Amino acid sequence: METFKGTKIVNGIAIGKIKLYKAPVYEISEELVSDMKAELDRYNAARAKVQEDQSALCEKEKAAGHEETAGIFDAHAAMLDDDDVIDEACKEILSEGHTAEYAVSKGCEAAEQMFLNMEDEYFRARSADVVDLKNSMLDVLFGADTSSLQGTEPAILVAEDLAPSETVKLDKSLLLGLVTRLGSSNSHTAILARSMNWPTLIQCHDIADDWDGKFAILDGYNSCIYIEPDQKIIDELSAKQAEDKRKEAELQKLKGQPSVTKDGRKVKLYANIGGPKDVKAVIENDAEGVGLFRSEFVYLNSKTDPTEEEQFKAYKQVLEGLAPRMVIIRTCDIGADKTIDYMNLEKEENPALGFRAVRICLTRTDFFKRQLRALLRASAFGNLGIMFPMIISKWEVVKCKEILNECKKELESEGVAVGKYEIGIMIETPAAALCADELAEEVDFFSLGTNDLTQYTCAIDRQSASLEPFANTHHPAVLRLIRETIEAGHRHNTWVGICGELGADPTLTEDFLKWGVDELSVNPKSILPLRGNVRNVDLSNYKTESPKAEEKHEPVQAPKQKGFFGRLFS
Ligand code: PEP
Ligand code: MG
């Protein structure tokens, strides 16, 4: 038995034979052609064919509800329209007399290099998209058969790397797991693997040709692959795989079941999301709403400050997609670990204690108003909660509400429909938790941000791995602040949720319920396990000192420009 390490992308166990996939390697001739016009026609035909294929993949993924994957192929189709790449290819063929294959390879190399030179890891990973398009065009020009890369029986697929268009063509019934030598956690293969939930390992540098056909076990939990494992490992991991399947089947049975304790106490189980692409996961995991939409991802995913219209579309998509479920959208929480170049924020000594979140919004009011107008417009399409982050004082809440009202009046005078919405704040600073009584008078709900609340209460930088020995996620001071915040909220009829990581901690579920928490908002994948925990709790012998908040809320009812790369970086 041999064991090889990699970087896990998706947990889980895959057991079976290995199928090694090698992408074709093409020799690009430098010889010149005499009929340049015919060569240009070959180039254009290949480009049109690949563009058609990418658009078809986009439609297929959209139909399957895989919005994020569909976006990858949509972007690929747009890249093939890039004027700079086309101009470069035409020059190679018409002026230099090179072949279409040479023109493709040369044109894509420049674009690939441009991405590779970027500082941002996400954009560096986009060089793989250019390579994918280059290979797809070369496949067409060389007339390669790329219909299957998997063989005929279920196997663990091992490859140097997989391009998105290769990954999406995989026959799921033949795929046990995936191992690649290259790839990053931002690569599209990783994104796809996550959305498909395949046990996956990337950066497994020891992949060798002689693995092909060998029996192996991919152990996502331990980030490794065992080649020809011994009986002990086979028995152990087969049992773990069976246990995973049993647990998964049990969890599936909880879909559609109420989140209620044995003695009948209900709690709302909501999901934390980062944008429209997560709507599917909310529905699939049967979340009852969204307790935290981190709107800053709309800003982080954009190269420029997103317009009111762009934001409105994103919020509307989520609200409409999830109506009548409640969707709580947190206003922009930029700063600290989330920085954005176009915001031109000054470098700070202590960014976590610095100019962030509502502090930026209350200073740059035009920026804030763009978001608030977008939110108010979107409120007409679902059941919205607007939540302000990083609050420490009552005046901040009053000011946020004042600006929100100003925006509402503006929209109404413009004849734009505004729906119903609730207003809430994050309780993620000790100051807010300790002043919860007076803050509760101003809002419909609180949501405890236990990640920051822990950081600020314990003075432990949440980003620092070296402080781990000092960190205690169950620090009594934090737990006391949580309990007291719930109690303070309820004294004023303000309902209280938890949207930080502690909300999903199974060892605290019973305590949170005892303290009267009204809502827990967690990663979509934690919804069903959490529902299982809640349904196992029995509070009948516990006398709640803190009455549950009365329900206050009821559900209510996207020109051809310069070129793809030009638009991306303009
Ligand atoms: C928190 O601080 O607990 C929280 C949910 O917000 P974020 O993790 O985005 O800071
Ligand atoms: Mg926070």
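Biologist: Which helix gives the most to the lining of the second largest pocket?
Modeller: Helix 6 does, with ten residues. This is a predicted model, where local features need pLDDT of at least 70 and side-chain atom pairs count only at pLDDT 80 or more, while totals for chains, interfaces and linings use all residues. Residues are numbered from 1 along each chain as its sequence is written, chains are lettered from A and ligands numbered from 1 in the order written, and side-chain values use heavy atoms, without hydrogens and water.

Biologist: What counts as a pocket here?
Modeller: On a 1 Å grid over the protein atoms alone, a pocket is an open set of points where a 1.4 Å probe fits, with protein on both sides within 12 Å along at least five of seven lines; lining residues have an atom within 4 Å of a point.

Biologist: Which lining residues are closest to the centre of the second largest pocket?
Modeller: Ala23, Asn135, Asp161, Ala163 and Glu166, out of 44 lining residues.

Biologist: New topic: what is the strand order in the open sheet?
Modeller: The eight strands run 1-8-7-3-4-5-6-2, with mixed pairing. Helices (H or I, at least four residues) and strands (E, at least two) are DSSP runs numbered from the N terminus, and two strands pair if DSSP finds at least two bridges between them.

Biologist: Which strands stand at the edges?
Modeller: Strand 1 (2–5) and strand 2 (7–10); each has a single partner strand, so one side of each has no neighbour in the sheet.

Biologist: And do strands 5 and 6 pair in which sense, parallel or antiparallel?
Modeller: Parallel, over two bridges, between residues 175–180 and 200–202. Val179 of that pairing stands opposite Leu201 in strand 6.
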